[in-house]
Amino acid sequence: MSTELEKPKQTLKDYVFSEETKRKFESLLKDNPATFLTSIVQIANSNDMLKKAEPSSIINAALTAATLNLPLNNNLGFAWIVPYQDKAQFQIGWKGFVQLAQRSGLFKSIYATPIYEGQITNNNPLEGYEFDFSVKPTGAPIGYAARFKLLNGFQSTMYMSTEDVERHAKKYSQTYKKGFGVWKDNFDAMAKKTVIKLLISQYAPLSINMQTALLADQAIIKQDEEGTFQYLDNEPEKVDKELERFALLIQDASTLDDIEALKKHVPDVLLDDLLMKEQKLRNGGK
Amino acid sequence: MEANNILFRCSSLGYIMTEARSKQEVLSETCITHLVDVYIAEKYQRNTDINNKYIEKGLQVEEDSITLYSRVKKVFFKKNEAHLNNEFIKGTPDLYKGETINTATEIIDIKSAWDIYTFFRAKHKSPKKLYYWQLQGYMALTGAKIATLAYCLIDTPPALIYDEKRRLMWKMNILSENDPDYIAACEEIDRAMTYPDIPLHERMFEIEIIRNDADIEAIYERVKKCREYMQKNLLKTL
């Protein structure tokens, strides 16, 4: 007969009010950590699926919110803890990204907005998009734009058509493909978040907090390997399909004419491969 | 909302171009159904969610189809992202030949077949009317004289193959994945949905469609009729 008793499963309350968790939150939150901890339990209890989620994933998502100093209040729209499968996922809203940008002290302004028919006046991607907001919004948005200006004068704009945003959602969100989830329920807010997130990640100076936010967004934050993120709902396309296409075309080239046809568009990273293939063909394939 | 501002997507021109059953009717039933959908989308921002496995595959393998087309043609093609419109229609052609999309000499529209059977059946049939009108629309928007439907046969992504196998398991009413009949049927699914053994040039065919200015004019006339119908019957009464 075994003398060991099976360890009882820890509930969310056990986790939240354990000494270790309290200590972690106290070190992160100067103001009222106890209220924040209570709010975690309230958030989890308000959602049946979240109630069943792994408690450690809820705590880790909440810790990330505390690290970024973003309130977890659904009405404010800065950040959320959302259930996905049997875990909790940390998600940042577009307002959360704006908040972090403001706090970095580098931004003069940052906005995201839907764009309606007739509002685009210049769509030159090199010079930047221009919009005429005196045109009254009619119908559904045709796209979404985000723009920031830095204090040093640098500014950047990103525009995505509604179709592009939908394509993005279908590519990165399994739940949207299946017809439910946060994309389906809050398309407008998610679209604004997408343009602002892509714009920031590509063109903005990234503070430590912003880097954390970009990595943690939509991730399950692992408890045992601190700082690592697991993405369940989004599987980013890892292969650059255009680059892959070009590499295959170089590989397929069997004549110097084929090589000539490719020279016009060759990306820098594949120039050496193209020249090597050209040399090989000149040497009779050796 | 003004019906005169509504632009019709090239991909749905085939619906409005269907002919009415009798000469007394101006618009067909298919057309009217589509107009109701357009009205709902414009006014209430709700779209008929046509999300089936065929469309899903098309979306997932789009870039791979362009790669296949590029390799067979030995020319690098990049997906066009520019959305075009005129006062009647709008659309985003997949690929084009020419310096810019606005001066394109040829438009190429990629169609990714669901499986080897739909691929070969399409090869031996005339193209769907829906595609004919879609390509006339693209030619109207760009000035191109020729448009090409490029059918591509691409391996089905693993997640979609898995879905097919799951459906099969349900249909066969078996409980274990180790059932020998089920295993054999899954192997058949894999063979039917992946094509590494088929040479690239046998996995792509093209159908050329020549610009027809009379048909383009007919599209514009039909758009006017559709707008009239929407203004009179949908905007005022619904």
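A charge is taken to sit over a ring if NZ of Lys or CZ of Arg is within 6 Å of the ring centre and within 35 degrees of the ring normal. By this criterion, the charged end of Lys111(B) sits over the ring of Tyr131(B), 4.0 Å from its centre. The charged end of Lys129(B) is likewise placed over the ring of Tyr132(B), at 5.1 Å from the ring centre. The model is predicted, with local features requiring pLDDT of at least 70 and side-chain atom pairs counting only at pLDDT 80 or more, while totals for chains, interfaces and linings use all residues. Residues are numbered from 1 along each chain as its sequence is written, chains are lettered from A and ligands numbered from 1 in the order in which they are written, and side-chain values use heavy atoms, with hydrogens and water left out.

Aromatic pairs were examined next. Rings of Phe, Tyr and Trp (its six-membered ring) are paired if their centres lie within 6.5 Å; planes under 30 degrees apart count as stacked, over 60 as edge-to-face and the rest as tilted. Over all chains, 17 aromatic pairs are found. The pair of Tyr129(A) and Phe131(A) is stacked, because the ring centres are 6.3 Å apart and the planes lie at 10°. Phe148(A) and Phe154(A) form a tilted pair, with 6.0 Å from centre to centre and 45° between the planes. Relative accessible area (1.4 Å probe, protein chains only) defines burial: under 20% is buried, over 50% exposed, and in between partly exposed. Tyr129(A) is buried at 18% relative accessibility, as is Phe131(A) at 15%. Phe148(A), at 0%, is buried, whereas Phe154(A), at 38%, is partly exposed. In chain B, one aromatic cluster is formed by Phe119(B), Phe120(B), Tyr131(B), Tyr151(B) and Phe205(B).

The contact between the chains (heavy atoms within 4.5 Å) involves 25 residues from chain B and 25 residues from chain A. Buried area is the accessible area (1.4 Å probe) that two parts lose on being put together, summed over both. For chain B and chain A this area is about 2,200 Å², 46% of it on carbon and sulfur atoms. Arg71(B), Lys74(B) and Phe76(B) supply 31% of the area that chain B buries against chain A, more than any other three residues. Eight salt bridges (a side-chain nitrogen of Lys or Arg within 4 Å of a carboxyl oxygen of Asp or Glu) are found across the interface of chain B and chain A. One salt bridge joins Lys264(A) to Glu99(B), with the closest N and O atoms 3.5 Å apart.
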